[in-house]
Amino acid sequence: KYDGSVEVVTEIENADPLHMTYYYYEFADGVEITYNTYEGKGYESYPGNLYIPSEINGKPVIGISDYAFSGCTRSTEITIPAGVRVIREKAFENCTGIVNVDCYTGGVPETASTAFDNTPLTDTPNKCQLYVHKDYFDQFKKDPLWGKFGYIYSRTRDYDFKTTIDGITYYYNSIRGGLEIIGMIVGEGI
C-alpha cells in the first residue's frame with residue numbers, strides 16, 4: 001500500500017543519455033512512476049522515445065501512475081517493462097506522436113480505459129503497432145483497450161540479447177530490423 005512518500009531518483013546519466021529524472025511512489029514490492037522531468041524541464045519537452053526503466057534504485061517498476069507521461073508529444077514509441085502490472089488514468093494522455101508500443105509484461109496489465117486518451121490509439125488506431133510476447137498475444141488481442149491497436153505483433157522472447165556496461169544491464173531487441181534498447185537495469189547506488 002502507498003505510504004504517502006514521494007521520492008526523487010537522481011539523474012542516471014550513463015543509463016539515460018537524455019537525462020530523464022523520475023519521481024515515484026515506493027511500495028513494498030516495487031515502485032510506481034508518478035512524474036518525470038527532462039533536463040529539469042517538464043516532461044512534455046522530452047525529445048526521445050519513452051523507454052520506461054525496468055528498475056529504479058534496485059526496485060522493479062510495477063506501475064505507471066495517473067498522468068505520469070501525459071503530454072509527451074514528441075515521443076513516437078513507448079517501451080513498457082516486464083514488471084509493470086498497472087497503468088493508471090491518463091498515463092499517456094496527449095502523447096500524440098505515439099505509434100509503437102513494445103509491451104514486455106507477462107500478460108495484459110491492469111489498464112485504465114483513459115490511459116491512452118487523445119493518442120493515435122484512440123484517434124487513428126490503424127496507425128498504431130503493439131509488440132507483445134507470443135504467449136500473451138491472444139490476451140492482448142481480446143482486451144477491450146489493447147485490442148484496439150491496428151497491428152499487434154508477437155515476439156518469441158523478451159529480448160534478443162543483453163550486455164552489461166559499468167554496472168548497467170542493457171536489453172536489446174532487433175524486432176524491426178534495427179537495433180534498439182528495450183530496457184535497462186541500473187545497479188545499486190547509482
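Beyond its neighbours within four places in sequence, Pro 125 is in contact (heavy atoms within 4.5 Å) with Pro 120, Lys 148, Phe 149 and Gly 150.

Leaving out neighbours within four places in sequence, Pro 125 is in contact (heavy atoms within 4.5 Å) with Pro 120, Lys 148, Phe 149 and Gly 150. Pro 125 lies in the loop between α1 (120-123) and β12, where helices (H or I, at least four residues) and strands (E, at least two) are DSSP runs numbered from the N terminus. With a relative accessibility of 28%, Pro 125 counts as partly exposed, a class that lies between buried (under 20% relative accessible area) and exposed (over 50%), with a 1.4 Å probe and protein chains only.

This is a predicted model, in which local features need pLDDT of at least 70 and side-chain atom pairs count only at pLDDT 80 or more, while totals for chains, interfaces and linings use all residues. Residues are numbered from 1 along each chain as its sequence is written, and side-chain values use heavy atoms, with hydrogens and water left out.

The mean pLDDT (the predictor's confidence in each residue, from 0 to 100) is 74 for the protein, and 62% of its residues reach 70 or more. Over residues 1-18 the pLDDT is below 50, although this stretch has 41 contacts in the model beyond near neighbours in sequence. The pLDDT also stays under 50 over residues 174-178, for which the model has 10 contacts beyond four places in sequence.

β12 pairs with strand β13 (residues 151-155) in the parallel sense over five bridges, pairing being counted if DSSP finds at least two bridges between two strands. Between them the chain passes through helix α2 (residues 137-142), and this β-α-β crossover is right-handed, meaning that the path from the first strand over the helix to the second runs clockwise with the strands pointing away from the viewer. Gln 129 stands opposite Tyr 151 in β13.

No disulfides are counted, the criterion being a pair of cysteine sulfur atoms within 2.5 Å.

| Cysteine | Relative accessibility | Closest cysteine sulfur |
|---|---|---|
| Cys 72 | 0%, buried | Cys 95, 4.9 Å |
| Cys 95 | 0%, buried | Cys 72, 4.9 Å |

The sulfur of Cys 72 is too far from that of Cys 95 for a bond.
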